[in-house]
Amino acid sequence: MTAVALGLPLLRRPTPSGEGRPDVPELVDRFGRIARDLRISLTEKCSLRCTYCMPAEGLPSIPRSQVLSTEEVARLVGIAGTRLGVQEVRFTGGEPLVRPDLVDIVRLSAAAAPGVRLSLTTNGIGLDKKAAVLAAAGLSRVNVSLDTLDREHFRTLTRRDRLPAVLDGIAAAQAAGLAPLKVNAVLMRDTLDDAADLLGWALERGIRLRFIEQMPLDADAAWRRDSMVDAEELLAVLRTRFRLEPHGREDPSAPAEEWLVDGGPATVGIIASVSRSFCGDCDRTRITAEGSVRACLFGDDETDLRSLLRDGSDDEAIAERWRLAMWGKRAGHGIDDESFVRPTRTMGAIGG
Ligand code: SAM
Ligand code: SF4
């Protein structure tokens, strides 16, 4: 019962077979992709309740003993960086800033994986107090999620009246040199008309804004493909105020298509995760707060690493199980296929 309420998959596949896998250290899959970007969820808890993500009451707590400890997270980051070719690690959740040991996680991870870029995806609440110390601990940048500057719209969308706290967090991150600061906004019908204001605000502050199509990962299961706001609709709204020209992607595996604003040099990004899937270039691997590898946001297959972390297994054994998990990664999410089935976990329980 608890597993159902948490939105956790009830069935886990046995550890996937490595048949046909080349003998290389990196996280390769059957489709020729190499995962170099690791997302680690640190918690299912959150200070907001965004309607496209969490249920109003929040996700049920994961028992503390099942959540990776500070040292376990840092060990996985070390394995990823030194044995698996991971180049970037992003801490996410739930809300990573609700973890009291976040600064220690960053400090230990930086020591365990020198040269690996560490970043944070956060709603920004509490960042005003932590930005400088996180930067000193080894964090290089943050992505802050902010969908609207309209306080009432923010309150309705996140079910919390915390817009000023988010804005304070963004200002502190910029002051702490956590650059480039990116702001991610999920495209929702009720805030679509706020998109141009958000872009104007970001341009004034040198913030890189990216809009993201809403994916069917909301706990309330309210997402509908036919009513979802897509990239085309957003472009039409932004073009009422700005001149936009296509500018390609930062690099082939970057999810955002960039658009030059008013002749540049500033750009705005659009992550059309549903209408223009970029699964073919996906370079992500994910770890849940309980220490399982999730090869794809949308695949319920999870491979447990926590038991190896706790049974005395060495780093290479953990790396090898991680490699096998990624070898089994599926081709894509298939949201636009008739056969699409929503994953059991919701976004807040996976780590976006
Ligand atoms: N709490 C942090 C935050 O909001 O940035 C980190 C976790 S949150 C799950 C990570 C990202 O996923 C956020 O940018 C959020 O807007 C995005 N997200 C959540 N639910 C989504 C959905 N259904 N579709 C698209 N993006 C979503
Ligand atoms: Fe919390 Fe982030 Fe989900 Fe919003 S998107 S409810 S801030 S985890």
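## Overall form of the chain and the setting of Leu305

Because a compact globule of 352 residues would have a radius of gyration near 20 Å, the 19 Å of the protein chain agrees with that expectation; the radius is taken over C-alpha atoms, and the globule rule is 2.2 Å times the number of residues to the power 0.38. This is a predicted model, in which local features need pLDDT of at least 70 and side-chain atom pairs count only at pLDDT 80 or more, while totals for chains, interfaces and linings use all residues. Residues are numbered from 1 along each chain as its sequence is written, and side-chain values use heavy atoms, with hydrogens and water left out.

The protein chain has 11 helices and 14 strands, which are DSSP runs numbered from the N terminus (helices H or I, at least four residues; strands E, at least two). Other values for the chain are set out below.

| Property of the protein chain | Value |
|---|---|
| Span of the C-alpha trace along its principal axes | about 55 × 45 × 40 Å |
| Residues that count as buried (under 20% relative accessible area, 1.4 Å probe, protein chains only) | 55% of 352 residues |

Within this chain, Leu305 sits in the loop between strand E14 (302-304) and helix H9 (306-310). Leu305 counts as buried because its relative accessibility is 0%. Leaving aside neighbours within four places in sequence, Leu305 is in contact (heavy atoms within 4.5 Å) with Leu76, Ile287, Gly291, Ser292, Val293, Ile318, Arg321 and Trp322. One of these partners, Ser292, is 13 residues from Leu305 in sequence, and their C-alpha atoms are 5.4 Å apart in space.

Methods:
Chains lettered and ligands numbered in written order. Buried < 20%, exposed > 50% of the residue type's maximum accessible area, 1.4 Å probe, protein only.
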